[in-house]
Amino acid sequence: MTSSPVSSRPRVGTLLLAALFVTAGTLHFVTPGFFDRIVPPWVPLSARQATLISGAAEVLGGLGLLHPRTRPAARWGLIALLVAVFPANVWMAQDPGRFRVSPLVAWGRLPLQPLLIWAVWRAGRTRTHGPR
């Protein structure tokens, strides 16, 4: 059985979400210092290890959203990643000055996590009956 063309092509929203994750993940490698600083001290990895692993997961997850066979795994992987990095966002929000970000940015990121989880959940679904 072959998949229909509708289910094999990612929607525009999925493409944008994939681009967001690939870009964010790439930034972990290009400017790791910022990400290193927001790793909470209780994380059982070095800050650089956590930065590189999370960056790689973002890139792989973003790319995974682009193909129907990898989309479900990318969905679950990105949701797990978003849940795993949420404490770093809380850590940053508690003292935004330490991380050289405005309180508005630091606190504004927190409600974005559930929205991203929802977007990834929707983007990672497989469609076999056409658009809804």
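Which residues make up the largest nonpolar core? Keep in mind as you look that this is a predicted model. The core has 11 residues: Leu-17, Ala-18, Phe-21, Leu-65, Ala-74, Leu-78, Ile-79, Leu-81, Leu-82, Val-120 and Ala-123. The top contributor is α5, with five residues. There's also another core lying apart from this one, made of seven residues, including Met-92, Ala-93, Ala-106 and Leu-110.

Now zoom in on Leu-17, one of the residues of the largest core. Leaving aside residues up to four places away in sequence, Leu-17 touches Leu-65, Leu-116, Ala-119, Val-120 and Ala-123.

Next, follow α2 over to another partner, helix α4 (residues 47-64). Their axes are 7 Å apart, and the two helices pack at an angle of about 155 degrees. Angles over 145 count as roughly antiparallel, so that's how α2 and α4 run relative to each other. Their crossing is left-handed.

What holds the contact's two sides? On the α2 side you'll find Ala-18, Phe-21, Val-22, Ala-24, Gly-25, Thr-26, His-28 and Phe-29. On the α4 side, look for Thr-51, Leu-52, Ser-54, Gly-55, Ala-56, Glu-58, Val-59, Gly-62 and Leu-63. Sort the contact by class and you get nine nonpolar, seven polar and one charged residues.

Notes. Residues are numbered from 1 along each chain as its sequence is written. This is a predicted model: local features need pLDDT of at least 70, side-chain atom pairs count only at pLDDT 80 or more; totals for chains, interfaces and linings use all residues. Side-chain values use heavy atoms; hydrogens and water are left out. A nonpolar core is a set of buried Ala, Val, Leu, Ile, Met, Phe, Trp, Tyr and Cys residues joined through side-chain atoms within 4.5 Å. Buried means under 20% relative accessible area, exposed over 50%, partly exposed in between (1.4 Å probe, protein chains only). Helices (H or I, at least four residues) and strands (E, at least two) are DSSP runs, numbered from the N terminus. Contact means heavy atoms within 4.5 Å. Axes are lines fitted to C-alpha atoms, for helices over the stretch in contact, and angles run from 0 to 180 degrees between N-to-C directions. Angles under 35 degrees count as roughly parallel, over 145 as roughly antiparallel, 65 to 115 as roughly perpendicular and the rest as oblique. A crossing is left-handed if the near helix is turned anticlockwise from the far one by less than a right angle, and right-handed if clockwise. Ala, Val, Leu, Ile, Met, Phe, Trp, Tyr, Cys and Pro count as nonpolar, Asp, Glu, Lys and Arg as charged, and the others, Gly among them, as polar.
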